[in-house]
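Let's take a friendly walk through a protein model. Keep the picture in view while you read, and look for each part as its name comes up.

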Amino acid sequence: MTFIENFEATGLVGDDVKALRRRKMSPTPKETPSRSLRPRIKAKSPQKTLNFTVKKRSNAITSKAVNEDKCPMTCVRSPLKSPNAVAFRPVPDTAPCGRTKERQPALKSRQRLFASPSAEQDSEKSKETVELRAKRSLGMGLPDQLVGRDREITLLTESVDALMRDEAPGTFYLAGQPGTGKTATVRHSIRLLKKKHKFDYGFVNCMSIRTPADIYRLVLESLMGDDEKVEVARTRLAPADQLADTVRQRFSDSKRSTVLVLDEMDQLASRNHQVLYMAFGWAALKSSRLILIGIANSLDLTERLLPKLKLADPPRLIQFRPYSKDDVIAILRHRLFEADNLLDNAAVELCARKVSALTGDIRKALDICQMAIDKIQRRKDSNGGGGGESVPVAGFKDVLDTVKDVYGSVMTRASVTLPLQQKLLLASCLALYRTGVKSPTLVQLYRAYKKACDALHVPPVQDHEAASNCQLLEACGLLLVSKPTRKQSTSIATVQLLVDERSVMNALNDNTLFASVLSTVG
Amino acid sequence: MSPGLARRANRAGRPPCGRSPCGRPITRLFRRNEVVLADKRSMHCASCYGNDEEVLCQDLFTLQLVPQQKMNSQTPSSNLRSRNRKPASNSSPSESDDRRLDCRKTKKTNGDDSVNNENIAPTPKSCKKSPKRRAKALSPIPPPTPTRIIDVRRTPRSATESRKSVGPKKTAKSPATPRVRKREAKKVLLEDVDDDSLEAVRRRLHSSAVPDRMPCRDEEFNFVRFFVSSTLESESSRSLYISGIPGTGKTATVHQVIRHLRNAGIEFRFVEVNGMRLTEPAQVFSEIYRQLIDDGDDQVVTRISASVARRKLNHMFQTEDPERLPIVLLVDEMDLLCTRRQEILYDIFNWATMSESRLVVLAIANTLDLPERILTHRVSSRLGMSRQCFRPYSFQQIESILHDRLANSAAVENDAVEFVSRKVAAVTGDLRTALDIVRRSIEMALDTGKDVLTLKHVQSAVKELASRAPVEMIKSCSTQSKLLLRAIIAEYERTGHDEMPFAAVIGRYKELCAIDNVRPLPTSGAYDCCMRLASSRLLVAAPGKCCWTRKFRLGLPVEDVNFALFHATQ
């Protein structure tokens with residue numbers, strides 16, 4: 001039996017995983033919430049009494065997926081392509097036992113997608129609109145079930161599991177574009193691993209550090225429990241070397257396994273990459289049981305920046321491909337499960353195709369869906385809202401509109417009509433461009449503009465106003481005005497077109513004006 | 001009371017930026033009296049405080065002269081503030097929390113505008129205080145304890161004691177945190193609509209006067225309102241990027257949305273930060289944290305370092321806390337928070353991707369495509385795709401807004417309004433400019449004793465606003481300086497190089513003098529004259545000592561100088 005199946009068999013999926021997380025994450029109001037996400041053994045105990053029936057089919061699918069994973073080069077798609085293949089979902093009608101129900105009132109307001117739809121929720125359903133539910137589940141927060149990243153999750157959990165069983169250290173490096181689910185995968189895997197092992201867990205986002213000393217401090221803080229907070233506070237003013245020593249000690253003589261996640265790891269890069277080397281070096285310390293997981297965007301960060309690591313023990317690279325069309329469809333379906341009548345298949349597919357063709361950033365797909373739902377809701381509101389849920393909703397057009405809005409050019413998106421004087425400036429800039437002056441100085445541009453104004457019998461503005469108009473055009477993303485240094489004269493400032501001729505023509509939206517400007521300049 | 005104070009308070013002219021009426025820089029003035037300014041920012045933009053600052057330092061001068069008997073219970077802060085506020089908006093600290101929240105809200109929306117108010121329009125009228133008000137403001141002069149004066153910018157609060165108890169903690173020095181000035185809400189209401197005189201119209205036209213409605217911005221208003229309210233309802237987190245050139249009502253619309261939602265009874269907390277008002281980008285965290293803590297309970301943290309605030313906020317938004325109200329965060333002038341690594345914007349938008357945070361981020365900047373052009377992928381991915389652009393006003397829109405603000409007053413001709421709106425819409429579409437022009441032209445009309453605003457006034461106001469300081473300066477130069485400038489232009493036209501040694505300039509200059517039949521200055525005098533022009537940056541002098549070989553060039557475009565010289569001779 002593979003690793004995932006172990007978890008499935010114990011029934012630790014979906015709702016109770018979430019509930020467990022909730023319990024851990026949400027502190028009582030008075031208590032100062034702990035920074036560490038260390039597992040508390042107490043929280044685990046009620047889970048054993050839970051009794052879930054997991055669909056038979058899910059096991060089959062998972063094992064298939066895992067089997068395919070034996071050869072990592074084959075591209076494994078998510079098994080959840082169609083909306084009825086809701087694999088990891090607990091069977092709806094078997095409500096969880098009493099304990100979970102007791103918790104529900106507190107969680108009710110934040111019910112997520114895979115909360116078992118019990119009777120309570122049905123009553124809630126009548127109160128909430130479909131849109132609200134859909135939007136809540138489309139939020140960018142960590143879902144309870146990651147779709148489309150099964151391969152990576154399995155790879156990570158199995159390797160970490162093996163390392164923990166062997167009490168060995170190890171390093172991983174996860175690379176991928178923004179919005180490909182790297183952090184979510186790690187968090188999900190940790191959630192799964194916590195069912196099986198006891199280990200310390202620290203999560204550090206390297207974006208929030210400024211000096212190397214910060215990273216040591218953050219690492220210490222993220223690993224410490226509440227009782228050790230005082231110590232950390234004492235070390236707050238300690239110099240970086242001392243902190244580094246403390247961290248090294250912490251990792252070298254550890255009785256338990258420790259998982260340390262460094263998100264946005266490329267921020268640690270400095271001139272000699274001392275901190276990066278040191279971070280990977282923690283795992284190589286004597287009798288260390290550290291499992292280091294680094295996350296960053298660039299694929300070759302470890303090879304490019306840290307060539308010396310190759311000699312010792314190169315970190316294991318897990319690459320996150322951008323989400324494919326099918327992945328995006330599966331994710332959106334999964335999220336929109338409760339409001340499935342809201343966006344139909346065609347709408348979801350359009351969104352998925354568009355997003356996967358451009359970036360594969362799942363955040364964008366979720367956002368587009370949210371915006372489309374916004375549109376539907378607003379239309380409903382403007383209709384008086386009398387129809388309620390009976391209003392026929394065709395999501396396709398809304399998604400299409402949103403996609404057009406989002407991926408159209410900036411000017412069409414904003415549908416900005418430029419004021420006349422700015423149009424004249426832009427036209428004279430384009431005319432100069434046509435005559436071969438690629439980046440005219442402000443003075444040259446002003447001369448051309450003045451000529452054009454004379455030809456069109458428009459009173460020209462003065463040059464400082466023209467200069468400020470250039471800056472407004474820069475704000476529209478059409479021009480680029482180079483800023484001269486203090487010593488240089490302002491007349492040296494040059495102007496460049498930022499977009500191609502056609503976009504400029506679109507922005508001008510006035511061919512006759514441009515023709516007359518061109519005739520005066522040329 | 002001292003006669004000096006009255007004289008100074010009566011003085012109509014404003015001192016130049018950052019200086020006391022006596023011409024001393026304000027910061028130095030404060031130090032001499034061993035008073036440290038309460039926050040860093042007030043040193044930076046002393047000019048923004050305008051009249052307030054003036055009053056402040058006048059009082060510093062005179063406080064020592066005041067006998068102790070005149071002490072009364074009034075604190076210096078409330079006394080100083082009372083000069084500039086309407087009695088109606090005076091809120092006492094003892095009132096309930098709701099009231100406090102409420103007045104803070106209005107303060108946030110209007111406090112800054114009232115600063116602008118004094119800055120933009122130093123009208124002689126507003127500087128003069130009516131005798132009644134002056135008497136009320138100045139008669140009870142408070143005791144001159146320097147520590148109290150530090151508090152000048154704050155409203156008195158019941159939490160003062162708790163702040164004092166935090167005192168020892170403050171000794172751990174952290175970078176000074178800019179604090180929002182606790183100004184009394186000074187709402188310029190559009191109340192006296194019935195008054196139809198030109199003077200009343202002028203008052204109504206202030207760009208800081210807060211309108212109850214925003215005509216011609218319904219679409220944008222509805223979009224933002226829907227965005228915020230639906231996100232709050234669904235208890236999720238999202239962020240919206242609002243763009244638009246200055247003066248298109250971005251911030252005003254957001255504030256109106258907030259007001260509207262509060263009136264609708266939706267509970268949330270509103271935090272506003274402005275990139276322009278921070279001494280450095282990282283301070284945004286301490287500002288947000290301070291506002292969050294300040295609003296909630298009595299525990300007042302006056303000073304918190306940016307890194308600590310950042311850690312606390314990161315933690316706060318990562319943990320689920322059903323007790324906490326959802327937060328609406330307005331980040332104004334977002335482009336100023338772009339650091340090289342963009343870690344600040346990353347953090348802010350990262351909060352908005354976490355469902356636990358229940359945070360709505362509204363980011364405002366001028367640039368239309370900032371997320372695509374400047375932000376890195378990891379930040380723009382978190383920002384999401386929601387955008388709202390505020391288009392520049394068209395001339396019909398400006399016209400209707402102006403009519404709305406003027407309340408169709410008979411004292412203003414329709415032609416004048418149309419001229420202004422066409423003029424502004426053709427150049428920028430910035431409503432603030434339009435309001436400024438109308439206000440300036442009303443002032444001109446009042447100065448000339450007319451009580452109807454005509455096209456002519458507007459035209460002269462437009463001309464005045466269009467003219468430019470350096471050009472004016474050249475126009476008012478001495479004859480010899482003008483000759484020198486002409487000599488430099490002539491030399492530039494002859495050689496085509498914009499830099500030339502003084503020897504060449506003096507040659508040309510002597511020729512021009514001969515033509516104009518002016519007796520030329522001696523060389524040293526001419527050199528001195530050039531250096532004086534250079535000190536006002538009409539000329540730029542290359543570094544060097546030798547007067548003959550030292551190079552000069554024009555500090556302005558040649559066209560400008562020519563234009564100014566041409567007009568000066570007319």
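## Two sheets and the contact between two chains

In chain B, B:Arg238 has B:Val360 of strand 4 as its bridge partner. That pair belongs to a set of six bridges between strand 1 (residues 238–244) and strand 4 (residues 359–365) of chain B, two strands that run parallel. Two strands count as paired if DSSP finds at least two bridges between them. Helices (H or I, at least four residues) and strands (E, at least two) are DSSP runs, numbered from the N terminus.

Before going on, please note that this is a predicted model, in which local features need pLDDT of at least 70 and side-chain atom pairs count only at pLDDT 80 or more, while totals for chains, interfaces and linings use all residues. Residues are numbered from 1 along each chain as its sequence is written, chains are lettered from A and ligands numbered from 1 in the order in which they are written, and side-chain values use heavy atoms, leaving out hydrogens and water.

**The sheet of chain B.** In what order do the five strands lie? The order in this open sheet of chain B is 2-3-4-1-5, with parallel pairing. Strand 2 (269–274) and strand 5 of chain B stand at the edges with a single partner strand each, so one side of each has no neighbour in the sheet. On average, neighbouring strands are turned by 15° against each other, direction ignored. Helix 13 of chain B packs on this sheet and touches strand 1, strand 3 (327–332), strand 4 and strand 5 of chain B; its direction makes about 165° with that of strand 1. For such angles, axes are lines fitted to C-alpha atoms, for helices over the stretch in contact, and the angles run from 0 to 180 degrees between N-to-C directions. Contact means heavy atoms within 4.5 Å.

**The sheet of chain A.** Chain A also has five strands in an open sheet, in the order 2-3-4-1-5 and with parallel pairing. Its edge strands are strand 2 (199–205) and strand 5 (316–320), each pairing on one side only. From one strand to the next, the twist averages 15°. Helix 9 (residues 182–194) of chain A packs on the sheet, where it touches strand 1 (170–176), strand 2, strand 3, strand 4 and strand 5 of chain A.

**Where the chains meet.** How many residues of chain B are in contact with chain A? There are 63 of them, and they touch 74 residues of chain A. Together the chains bury about 6100 Å², 50% of it on carbon and sulfur atoms. Buried area is the accessible area (1.4 Å probe) that two parts lose on being put together, summed over both. In chain B, B:Glu320, B:Arg378 and B:Met385 lose the most area to chain A.

**Salt bridges.** A salt bridge is a side-chain nitrogen of Lys or Arg within 4 Å of a carboxyl oxygen of Asp or Glu. Here are two examples:

| Pair | N to O distance |
|---|---|
| B:Arg378 and A:Glu264 | 3.0 Å |
| A:Glu152 and A:Arg321 | 3.8 Å |

A:Glu152 lies in helix 8 (residues 150–165) of chain A and A:Arg321 in the loop between strand 5 and helix 15 (325–335) of chain A, so this pair ties together parts that are 169 residues apart in sequence.
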